[in-house]
Amino acid sequence: MIFGPYIGVLAAVTKETLKQSIPYLSVYVKDYEKIGGTIIAFSLDGIDHENETITGLMFDPKSNNWIEGIFPYPRSVFSVVETSLTENWSTYLDTMKHFHQKLGKRIFNYPNFDKWQMYQLLKERLQQFLPKTVIYYEPKDVWKMLKEYPSLYIKPINGRLGKYVLKVTRISNGVIVKYGRHSKNVKHFKSWSLFKFYLRRIVKEEAYLIQQAIDLVKYDDQIIDFRIIMVKNNQGIWENIGAFSRYGGKNSIVSNITAGGKAEIGGITLKTVFELSIKEMIDLVN
């Protein structure tokens, strides 16, 4: 007898959003014939810690459908829910720690790092390539950075989806603050006292970062950034398996897809927007 693996995919925050994501779950079972076994998809609120059961969806290879049910804990968990965790970060961390206690090292795409932890890790070797970043403690931290750089981002340390991000720009008669995906979301502060009051009301101490803004390339009023996908191989060595670009929504200060942006294969963007040759594109990505 051949027993296949029992894999759980943490794919949503709530049971409701899990059901809505059923059309997109097929990507996790496209190679099912090679994997076999049982694959379930579940949400954060579908986990019963006390009874160690999960209310979720099981893939049925015969009907090629997902079937609702209550299942015992899987033998391994792959998490893909991080991008939806702005308000659920602490719940997610508690859940993954719980699974780590029960399943050991059979947790994939975890642990995760907040933005400050990632900055600390990267700056050990890449500081010269990183925008200056500090933790926000009080409004004068922003003012100090504005004296050094004309434009800044203020963003949540545990932020996701581009939510609650502010772009602050120093101008001759005060400070401009942009927020959200629309160009109309703009505030102009002509005095430091008013700007300071605004920051104290909006930005929480030690929960936000202040980061030097980088002048990104724009295409059709959309900012563009690139993400490199790094994966460890079976020898534990990091490998670059590709790059993709993100276009922000028109006049948006962030490039997140949920804020009106879109994603594209990195090579296509390099060829069309930057007009690179195929060789130049390959050399740059690799």
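Colleague: Is Asn64 buried or exposed?

Modeller: Asn64 is exposed, since its relative accessible area is 55% and the cut-off for that class is over 50%. Please keep in mind that this is a predicted model.

Colleague: And where does Asn64 sit?

Modeller: Asn64 is in the loop between β3 and β4, the latter being residues 65–72. The C-alpha atom of Asn64 is separated by 8.9 Å from that of Ser26, although the two residues are 38 residues apart along the chain.

Colleague: Since you mention those strands, in what order do the strands of the open sheet run?

Modeller: The open sheet has 6 strands in the order β4-β3-β2-β1-β5-β6, and the pairing is mixed. At the edges are β4 and β6 (107–108), each of which pairs on one side only.

Colleague: How is β2 joined to β1 and to β3?

Modeller: β1 (residues 6–12) and β2 run parallel and are joined by 6 bridges, with Tyr6 standing opposite Thr38 in β2. On the other pairing, β2 and β3 (residues 53–60) run antiparallel and are joined by 5 bridges, where Asp48 has Thr53 in β3 as its bridge partner.

Colleague: How many residues of β2 are buried?

Modeller: Of the 11 residues in β2 (residues 38–48), 8 are buried, so the strand is largely enclosed by the rest of the structure.

Colleague: What about β5 and β6, which way do they run?

Modeller: β5 (residues 76–79) and β6 run parallel, with 2 bridges between them, and Phe78 stands opposite Phe108 in β6.

Colleague: Back to the hairpin, what is there in the turn between β2 and β3?

Modeller: There are 4 residues between the two strands of that hairpin, and Glu52 in the turn has a positive phi of about 55°. Glu52 is partly exposed, with a relative accessible area of 31%, and Glu52 also forms a salt bridge with Lys102, in which the closest N and O atoms are 2.8 Å apart. Lys102 belongs to helix α3 (residues 89–103) while Glu52 is in the loop between β2 and β3, so the pair ties together parts that are 50 residues apart in sequence.

Colleague: How many salt bridges are there by that rule?

Modeller: The count comes to 6 salt bridges. One of them is formed by Lys19 and Glu68, with the closest N and O atoms 3.7 Å apart, and this pair links distant parts of the chain, as Lys19 is in helix α1 (residues 15–20) and Glu68 is in strand β4, 49 residues apart. Lys19 is partly exposed at a relative accessible area of 47%, whereas Glu68 counts as exposed at 56%.

Colleague: Which residues are linked in a network of salt bridges?

Modeller: That network links Asp225, Arg227 and Arg246.

Colleague: And which residue meets Lys132 in a salt bridge?

Modeller: Lys132 meets Glu148 through their side chains, at 3.0 Å from N to O. Lys132 is in the loop between α4 and β7 and Glu148 is in helix α5, so parts that are 16 residues apart in sequence are tied together by the pair. Glu148 is partly exposed, with a relative accessible area of 45%, and Lys132 is also counted as partly exposed, at 31%.

Colleague: Let's stay with α5, then. Which of its residues are buried?

Modeller: In helix α5 (residues 139–148) the buried residues are Pro139, Asp141, Val142, Met145 and Leu146. They cover an arc of only 155° around the axis, which puts them on the same side of α5. In general, an α-helix has 3.6 residues a turn, so residues three or four places apart point the same way.

Colleague: What is on the face turned away from that buried side, and what covers the buried residues?

Modeller: The face of α5 turned away from its buried side carries the exposed residues Lys140, Lys144 and Lys147. The cover over the buried residues of α5 includes β7 (133–135), β8 (151–156), β9 (166–171), β10 (174–179), α6 (192–202) and β12 (208–212).

Colleague: Last topic: which residues form the nonpolar patch on the surface?

Modeller: The patch is formed by Phe113, Met118, Leu121, Leu122, Leu126 and Phe129, which together have about 550 Å² of accessible area. Among them, Met118 lies in helix α4 (residues 115–126) and is partly exposed, with a relative accessible area of 33%.

How values were computed. Residues numbered from 1 in each chain as written. Predicted model: local features only at pLDDT ≥ 70, side-chain atom pairs only at ≥ 80, totals over all residues. Heavy atoms only, no water. Patch = residues over 30% accessible without salt bridge, like charges linked within 9 Å, V, L, I, M, F, W, Y side chains within 5 Å. Areas by Shrake-Rupley, 256 points an atom, 1.4 Å probe, with all protein chains shown as cover. Salt bridge = Lys/Arg side-chain N within 4 Å of Asp/Glu carboxyl O. Buried < 20%, exposed > 50% of the residue type's maximum accessible area, 1.4 Å probe, protein only. Arc of directions from axis to C-beta. Contact = heavy atoms within 4.5 Å. Pairing = 2+ DSSP bridges.
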